[in-house]
Amino acid sequence: MDSFEDNTELVKMKRKFAASHDEDDTFNFSKTRHNLLRDFDETPAKVRKASEMTTKGPLFGSKPKDFAVARKEASLMEAEIITLKTSITQLQDRLSSSETVSRQSQIDHEKEIAKFRAEKERDANKVSELHSKLQYVMEKERNARETLNSLEKDLSSQKWEMDKKISAAQKEKRSAEDKAQAQKQKWHEAESNLHDQIIQQKKEIIKLQSMYGEAQAQLSLRERRDTSNTVHLSEVDDLKKQLKAAQEKVKALESQLAEHADNLVVTKALKEDLDLVPKMKSDLEKLRLDNEQLRYNEQNCLLLEEEVRSLKKKLELAETENKRIVELEVTNEELQGRLTRWEVSDSSGSRRPQSPSSLSRRVTELETSQASLTLKEGELQTLANSTKLRLEQAQNANQKLSAELAKERNLVTQHSDLIKRLKRKVLLLSKERDSYKSLLDSYENEVTCNFDVQKQAHTQRQEDVLQNYRTEAAQLEAEISRLTERLAETQQRLDAAQQELHTFKSSDKHSSSVRHEQDIRKAREQVAELEIKLAKVESERDILEARIEQRHLQGDYDPSKTKIVHISMNPCAVAQKTRQEEWESLHQEVEMLRKRNKILEEQGGEVEDLTIQVKEKLQHPSPSKELEEMKAQVKREEMRNQRLMEVFKKTSQEFREICYQLTGYKIDIPCSNQYRLTSMYAESPRDHLLFQQNAQGEIQMLETDFSTTLQEAMELYLKRQQSIPVFLSSITMDLFSRQTILTESFSDNR
Amino acid sequence: MATSCKNSITLRGSTEIVTEFFHYGLHSILYQRGLYPPETFAHTQQWGLTMLVSCDKDLQTFLGNILCQVKTWLTDMTVEKLVLVVKEVGTNNVVERWQFDVECDRTVTKDTKREVKDKDIQDGIRAVIRQITASVTFLPLLETPCCFDILVYTDKDLEVPEEWGETGPHLIYNSEEVKLKSFCTSVHKVNTAVAFKKH
């Protein structure tokens, strides 16, 4: 700031200097300059002094010599002034720049101040926080000290206690040591005692050892004895066993002996029997002979019996014939008598037949009359049958009528019940009406006000209702009478029908019962069938139910009622998608690697820009690939062709087969435009006809070995009638007839 | 457990129980059949059983979405079946089919309350879960990599959200079926069955 003020002073000074210079050219510049130069950076007071000095300076300006110098000096001064001015302007620039710098610095200062303030605030906050922390810590410390104090107290008390305990323990220890000492002494004593005892026992042991030696000697003696004893015992045991075995043997032998005795008895008995055998043999032979004789006799007897039977039959026949003969004789006599009588009476000349011839005539007459009668009888029988049928119809009608009657009766009873009920109701209603009337009357008597109208209306209504009921009752009665009439009619009809029925019942009963039985049987059969069906159907139903259950378990559903939904992005779909992507990427990679491999193989392992080449190759598939595709296509086409050929062959085979079946000729094509026909009935496979089709489409027959045998047919059918089919069929007919003749003759021979 | 320790049950409570059963049932099937690596499953206690629940985030969100939707459908009584289908990833063949048939008592409304013992329901659920765990013994081994899908049988006229699509029943050709136990909340009855490919 000081420099700033200096500058203003400097400007003022300059102005004064300029003024003085204008007024007076006699100016001692050397001094002023000196002063100026000297005072340039001095305080303003000094500067003022200098200016005063310059104004007071005419002491030197009196000499004219000095003027030139002064002028020079003035010009110098001017130059200097100019330089000074420039310096002033420079200074001014510097001033302005310094001002801006100062301003900037001021702003910076302010900013810094603000920063410092903020920092100060933060520090203050920190300080306060630290204060609070300090206080907290202090409190904690205080608490800790308190606890420490208490703990120290506790410690001291515990220490004291522990000291006490230690002293007690030391006392105990001392006492225990004393005890231990005493115990040690005791042990020592016991040890010495035990030493003594041990010595004694050692002595005893020595004694016992000697005794043991004796005992061992004895023991060895005993053992020797024992071994001999055991030997003896084993011997005894063996002997015992032998004894037992011997005893068992003895027993077995005894039982055998007993058996032998029994056997002896049996053999004796058998011997006796054996003695009887030769006798028996002779007897047997005799008996056999007898038997044969008897058998022979029996056969004879049977024959005789049969003869007897036939004879008896004959006898019976003869007897019957005899009887007939007798009867015939009797009748003959009678007839002879009659004849004689007739003959006798003939003499009287009556119309009676005089001879058997006339009688026979009579008989014929009678026979004709009988025939007519039988005819009549047949008619009557048919009549009877028709009446039976009618009777059945009538019976059916009767049944129907009876059913109707029952219905009608039911109706009538219902109606009568209804009527009764209605009558009762009517009675009740009439009573009610009477009561109402009486009530009304009483009311009328008691009160003569406008109740009347209502009551009257009420009664009117009641009466109307009553009237309705009455009409209804009348209608019902009419209906009942009608129904009773109908009932009577039906009763009559029923009676008539029943009478009819009675007349036919006796004849009808049996058949009806049989029919009933049949019906019942049929019905039973039907029932059985139906039961079987029911069982079947039930089992089917069960099966179906089980199946439905199974379907249900399998997750079947009714698409008309339900639908199945799922979240489209389910884990399955996601997994499949990722798999697909993975597959595709792997596929691509494989393709790339394959190409790479191929390129490497082609170039012998030295390739530049391998990946680029691979990419190019992928983009432009190689001609070999196209070739492969073409080959595949060709293959496909070939396959198709083959298939078509197969189909064609099959159909042609079928066609030829059917031609052979239908026309009887097998048609082959040995070479183009030639057709070989072999008949179904040809006698040898070499018998065939040859035809040729020429360019105009005409068919000509060629000569074969077979055709030479058919000259007649060729003449007739080909040349005259010009028809190949007729010719062929004639051959067929001819061959067929030949074959059938052969077979017929063959079968005849058989 | 909306109605635990009480002797009456509402439609909401029943739906809650059935949904919970589906949650644990589906998780344990996925664990038992080895569709997800066993180390991604965590143990939890439920109905007195130690159940395994997957920690796979995608799986959790998927099952969560399905069960949330199924819950609303259970309250509307439009769910007939919930089916977990196990398919081979490579061939897309269905090899296993876990079917939960849901029978709804349509007389029940939002305000009806049914007397039922909580213990009985839990016993039923426990039995079914145990059977699911035990069924590993007779089911054939899944040798190829498999994945699963969940189908819901609903009414034909039902409007479904956008992310749901219609699909087929995913039947198994030549299958064998085993019926497992069922449980009943007196509002919903859930029958469980598993069908698998015969070998």
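A: In this predicted model, D668(A) has a relative accessibility of 14% and therefore counts as buried (buried means under 20% relative accessible area, exposed over 50% and partly exposed in between, with a 1.4 Å probe and protein chains only). D668(A) belongs to strand 2 of chain A, residues 665–668 (helices, H or I with at least four residues, and strands, E with at least two, are DSSP runs numbered from the N terminus). Its side chain is joined to that of R656(A) by a polar contact of 2.6 Å (a pair of N or O atoms within 3.5 Å; within protein, one must be able to donate a hydrogen and the other to accept it, and residues adjacent in sequence count only if both atoms are side-chain atoms). Apart from neighbours within four places in sequence, D668(A) is in contact with R656(A), Q674(A), Y675(A) and R676(A) (heavy atoms within 4.5 Å).

Residues are numbered from 1 along each chain as its sequence is written, and chains are lettered from A and ligands numbered from 1 in the order in which they are written. Local features need pLDDT of at least 70 and side-chain atom pairs count only at pLDDT 80 or more, whereas totals for chains, interfaces and linings use all residues; side-chain values use heavy atoms, without hydrogens and water.

T704(A) is also buried, because its relative accessibility is 9%. T704(A) sits in the loop between strand 5 (699–702) and helix 10 (711–720) of chain A. Beyond its neighbours within four places in sequence, T704(A) is in contact with H688(A), L689(A) and L690(A).

Helix 7 of chain A, residues 571–603, contains 33 residues and reaches 47 Å from its first C-alpha to its last, close to the 48 Å expected at 1.5 Å a residue (1.5 Å times one less than the number of residues). P571(A), C572(A), K595(A) and I599(A) are the buried residues of helix 7.

Turning to the partner chain, 40 residues of chain B are in contact with 25 residues of chain A. The two chains bury about 2,900 Å² between them, with 58% from carbon and sulfur atoms (the accessible area, 1.4 Å probe, that two parts lose on being put together, summed over both). On the side of chain B, V89(B), K156(B) and E177(B) lose the most area to chain A, together 18% of what that side buries.
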